[in-house]
Amino acid sequence: MQLNMSNFINLFYQTVMSEELIINKNSDKATQYSELLPQLEALILGESDTIANISNLMAALKQAFNFLWVGVYFVKADELVLGPFQGPIACTRIKKGKGVCGTAWTKKTTVIVKNVEEFPGHIACSSESKSEIVLPAFRSGEVVLVLDIDSAELGTFDEIDNHYLGQIIQLIERII
Ligand code: SME
């Protein structure tokens, strides 16, 4: 969808007023992400509180794709600490370099895990998790948080997710 001013304003009011996301679930994944992105922009427009905005972004991602778990971990000293999330209760702290999240932090890059059982050191916060993607967000070249998404299916995530979730990371980087 083209993000011109008219449909941006429409989406803003549709999103904020109706609390519904408008996504064609019959479309391919890339199209659904493309439909979601302007609605995410609208969702955080005019609100300056970081936690409030990240909370709603996580809720919108969960609502749009019904992932098992969607959330962020903030870098605090030598650990990741749980931030806003949607899904089952999760590990509160993850040491640097540990698990998929800690690996994305230390390597400063997205980590895609098709099968969590095949990732050495994977931290199983939920036994239902089968595959996972973690993307780091940066401020001044340093990782400040990671976005973690878990799926109850094997092989859910690929470069399409990395591409579009990367755009959501850019949104987050604007507000942290
Ligand atoms: N599986 C992650 C831990 C976080 S939970 O999935 C929410 C990891 O290995 O880092």
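Is Cys125 buried, partly exposed or exposed? Cys125 is partly exposed, with a relative accessible area of 33%; here buried means under 20% relative accessible area, exposed means over 50%, and partly exposed is in between, using a 1.4 Å probe and protein chains only. What you see above is a predicted model, where local features need pLDDT of at least 70, side-chain atom pairs count only at pLDDT 80 or more, and totals for chains, interfaces and linings use all residues. Residues are numbered from 1 along each chain as its sequence is written, and side-chain values use heavy atoms, with hydrogens and water left out.

**The whole chain**

- The chain has five helices and six strands, and from the N terminus on they run α-α-α-β-β-β-α-β-β-β-α.
- Helices (H or I, at least four residues) and strands (E, at least two) are DSSP runs, numbered from the N terminus.
- Of the 176 residues in the chain, 48% are buried.
- Among contacts between residues at least 6 apart in sequence, 53% join residues at least 24 apart; a contact means heavy atoms within 4.5 Å.

**The cysteines**

- The structure holds one disulfide, which is a pair of cysteine sulfur atoms within 2.5 Å.
- As a reminder, a disulfide is a covalent bond between the sulfur atoms of two cysteines.
- The disulfide joins Cys91 to Cys125, with 2.0 Å from S to S.
- Cys91 lies in the loop between β2 (79-86) and β3 (93-95), and Cys125 in the loop between β4 (111-113) and β5 (131-139), so the pair ties together parts that are 34 residues apart in sequence.
- The link of Cys91 and Cys125 is left-handed, with -120° about the S-S bond.
- Cys91 is partly exposed, with a relative accessible area of 21%.
- Cys101, by contrast, is buried at 3% relative accessible area, and its sulfur is 7.5 Å from the closest cysteine sulfur, in Cys125, which is too far for a bond.

**Helix α4**

- Seven of the nine residues of α4 are buried, so this helix is largely enclosed by the rest of the structure.
- The buried residues of α4 are Gly99, Val100, Cys101, Gly102, Thr103, Ala104 and Trp105.
- These buried residues pack against β1, β2, β3, β4, β5 and β6.
- After α4 comes Lys108, whose phi is positive, near 55°.

**The cavity**

- On a 1 Å grid over the protein atoms alone, a cavity is a set of points where a 1.4 Å probe fits but cannot get out, and lining residues have an atom within 4 Å of a point.
- The count comes to one cavity of 30 Å³ or more.
- The largest cavity has a volume of about 160 Å³, where volume is the space filled by probe spheres set on grid points joined across faces, edges and corners.
- Its lining has 16 residues, and Ile123, Cys125, Glu132, Asp148 and Asp150 lie nearest the centre.
- β1 (69-76), α4 (99-107) and β6 (142-151) each supply at least two lining residues, and α4 gives the most, with three.
- The lining divides into nine nonpolar, four polar and three charged residues; Ala, Val, Leu, Ile, Met, Phe, Trp, Tyr, Cys and Pro count as nonpolar, Asp, Glu, Lys and Arg as charged, and the others, Gly among them, as polar.

**Ser151**

- Ser151 lies in strand β6 and is buried, with a relative accessible area of 5%.
- Not counting residues up to four places away in sequence, Ser151 touches Leu68, Glu128, Ser129, Lys130, Ser131, Thr156 and Phe157.

Notes: On a 1 Å grid over the protein atoms alone, a cavity is a set of points where a 1.4 Å probe fits but cannot get out, and a pocket is an open set with protein on both sides within 12 Å along at least five of seven lines; lining residues have an atom within 4 Å of a point.
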